[in-house]
Each structure stands twice: as C-alpha cells, then as structure tokens.
Amino acid sequence: MPLVSDRYRWGQIAIGVVCMVMIANLQYGWTFFVPEINKEFGWGRSEIQWAFTLFVLFETWLVPVEGWFVDKYGPKVVIIFGGVLCALGWVVNSMADTMFLLIVGQVLAGIGAGAVYGTCVANALKWFPDRRGLASGLTAAGFGAGSALTVWPIQATIANFGFQNAFLYFGLGQGIIIIILAFFLFAPEEGQVPEPVNKGPILQSRRQFTPSEVLKHPIFWLMYVMFVAVGAGGLVVTANLAPMAKDLGVADIPMWLGIPALTLAATIDRVLNGVTRPICGWISDKIGRENTMFICFALEAIGIYLLYLYAHVPAMFVLLSGVVFFAWGEIYSLFPSTCTDTFGSKYAATNSGLLYTAKGTAALLVPSGTALAASGNWDNVFIIGVVLNAVAAVLAIAVLKPWRAGIIRRSEAADLQAA
C-alpha cells in the first residue's frame, strides 16, 4: 500500500491522545480520593495505597497480553474492552464500602487503563518510525497532563457531592468517550509508513525481534531495571502528593491567586508531567535516547534532593514537585521508543508492553514508601529516590548507550553479510 499522508498519521495520534486523557484520572486523580476514603472508613493510608498498587500492577502486567491482541487483531477491539473496564472500575469504587470491593474496582480500572495505554502508545510507535520519540511522547502526554484539566472539577465534585459521586460521574464519562473513539483508531498496514533509517544519534534495528527473543535479551532487562529505578520515586510521589503536603504543613497555604499550595502543585505537576513527554521525546529524536535519559534522570535526582531540603516551604514544594514530575514523566516516551528502536516495530505493542510492566514492579514499592513515612517524615523516601535516579542516569550513558549501539550495528552487519 502507498504511504499515507502526515495529516492522517497525526489524526491517529490525536485520537490516541484523547483516549489517554480519559484514563489519566485513574492514576493521577487518585491522590484526591485517599484522604476522603481514609476519613469515611478509617482505613490506613498504607492499606488504601495497596488498592493503588494493584491498580498499577494490573494496568501494566497485563499490557503484553493486550499488546498481543493489538498486534494480531488491531487496536479497536482492545480499546473498546479497555473503555468498558475503565468505566466499570470507578463505578465499583463509587459503591465500595469494604477494602475488598475497593480493590476489585481498582483492578478492573487497572486492566482497562492498561489496555488503552498500551494500545495507544504502541499505535503511535507504529505510525511514526521516523519520529518515534515525539509520537510516543505526545501520546503519553495525554496520560501525564490529561488530569490537569480535571484537578479542580474532581476536587469540587468531592467537596460538594462526595467522593463516591466523583468516582461514578467521572468513571462513566471517561469510559463512554473511550468507547466512541475506539471506532476511529486503526493500525498502519504494510507500506503505509516510512521504513526506519539509521541517521544521526538514532539507531533503529531492521530486525523484528519476537517477544520470546526480547525476554532472553540482556539489554531488555537493563532497561527494565532502569525503568523501575526511575518509576518508583515518581509513583510514590504521585500516590502520596496530598498526604505528603498535609504532613509537611503546606497543603492549605494560599499561593498564587489564593490557590492552596496542594491544588496549585497538583495542577502544575500534571501539566509538566505531560509536556515533558513530547518535549523529551522530540529532544531524544535529535540528540539520542540515552543522552536524553542521562539529562532527565540526573535532573530528577537533583530535584528530589532539593525537595528533601526545602519541601516544608510552600513555594518550594510547588516548584520542586513540578521539577520532579517533569523529570520522571519522560520515561513513558523514552523507554517505549528505545525498546522499539532496538527490537523493531512489528511486535511493538507486545514488546513495549513487556517493558511497561516495569511500572507495575515499581508500584510494589509504593506501599513501602508510604510506610517509611508513616510518622509524617518523608526524608528517607527522598534520599532513596535520589540514589535510584542517580544510578539510572549513570547506567543510561555508561552502559545502555554503547551496548545498544553495538547490538544494532552487529545485527546490521549480519544482515549485509547474509545479503
């Protein structure tokens, strides 16, 4: 088939972005429900955060399975499935009066969110082999920044109508929109997109690695460890931003235009967590994936360290939490594009889904991180985050970069010899 127009390709990206906006609250809006659930039922924070952890686990660990269906049958059926479960999950949450039922709701929402997330990112990677960093970054930005549009509406709904109604109304609305958009999402057919070209700092494999080959490849597991190291700190802060602000005594202090520090921080954080994905994805298309990783992971380590020093100052809490969200959000554009550059696009949904399970592994650390701050002191959590990000930064530039370049060049040499 002939190449399709860029306009059509960008249209597919736009549909994916809106779908991602619709699932953003399932993760980033959660922090506003935690204090209300705690107040209503008296369950401990760590106990409640296990529901969040299970959401992330089911959001991530089933993505390879969902990705297999996408690679085989296309994105439409998987997106519809995801939209139904996203709505159902928050409807169950709205009725949950036991921890078991809350967990059931979060598991359903997690499966649905993973189906939508994995499908949209993989579809972007397939449509834009020539601009993978930017395409995956824009798509992931919908998830990172999408919830910024509803920070105030969700807080207002919780305050005026209760958190149960917030779960119900937002859950149904988000799910219905996803289902409608699913009918307009398609995967590229052979010949519709440009062939990958190795130029400048971007190296792309022409070989199409199967998922079983990827799982046996050491470079996959290096990327997996790095993903966990960076993702863990971000997820701990995401899940605990509201409790953290309250423990530090800054949550309700008026800031710009009288907006409370927590509300302002949550809004700015989500915007920055979103815009970093296309920005860093675009930068990585220009200077290379690993170079961009080094810069961002180092910035994350510095940001968390400064948060450790100055988080008790309201203005610094707002500013530095924004730095932290900006510096960790780019992993959702850099790692999928690096994975597809390395292992090919034919099985991009499954292979990038396998790597995305690292987010679920990182989520296992959320209850532990929350427990470390049970006394209201977040210092140990901050220090661990600094160390993990610093190590990941060094691994990106000193190990991943030369290792991946060698593998791709050897693969190309073998192809030429065979020809």
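This is a predicted model: local features need pLDDT of at least 70, side-chain atom pairs count only at pLDDT 80 or more; totals for chains, interfaces and linings use all residues.
Residues are numbered from 1 along each chain as its sequence is written, and side-chain values use heavy atoms, with hydrogens and water left out.

**Stop 1: α1 against α6**

Helix α1 covers residues 6-28; helices here are DSSP runs (H or I, at least four residues), and strands likewise (E, at least two), numbered from the N terminus. It packs on α6 at an angle of about 160°, with the axes 9 Å apart (axes are lines fitted to C-alpha atoms, for helices over the stretch in contact, and angles run from 0 to 180 degrees between N-to-C directions). That makes the pair roughly antiparallel, the label for angles over 145 degrees; under 35 is roughly parallel, 65 to 115 roughly perpendicular, and the rest oblique.

Show side chains next. On the α1 side, pick out Y8, R9, Q12 and I13, among others; on the α6 side, the partners include A109, A113, Y117 and W127. Contact means heavy atoms within 4.5 Å. By class, this contact has 14 nonpolar, three polar and one charged residues (Ala, Val, Leu, Ile, Met, Phe, Trp, Tyr, Cys and Pro count as nonpolar, Asp, Glu, Lys and Arg as charged, and the others, Gly among them, as polar).

**Stop 2: on to α7**

Y117, C120, V121, A124 and L125 in α6 meet R132, A135, S136, T139, A140 and F143 in α7. Those residues split into eight nonpolar, two polar and one charged.

Now click on D130, in the loop between α6 and α7. D130 is partly exposed, at 37% relative accessible area (buried is under 20%, exposed over 50%, partly exposed in between, with a 1.4 Å probe and protein chains only). Not counting residues up to four places away in sequence, D130 touches R9 and P194.

**Stop 3: the cores**

Where do the most contacts inside the largest nonpolar core fall? Select I23, W30, F33, I37, Y117, F297 and F335, out of 113 residues in that core. A nonpolar core is a set of buried Ala, Val, Leu, Ile, Met, Phe, Trp, Tyr and Cys residues joined through side-chain atoms within 4.5 Å. Helix α11 (residues 218-247) gives the largest share, 19 residues. Zoom in on F33: beyond four places in sequence, F33 touches W90, I154, I158, F163, A166 and F167. A second, separate core of six residues includes I13, W127, F128 and A135.

**Stop 4: two leucines**

Is L257 buried or exposed? L257 is exposed, with a relative accessible area of 70%, and sits in the loop between α11 and α12 (261-287). Check the backbone too: L257 has a positive phi of about 55°, although it is not a glycine.

Finish at L320 in α14 (residues 314-329). L320 counts as buried at 5% relative accessibility. Leaving aside neighbours within four places in sequence, L320 is in contact with L306, L307 and Y310.
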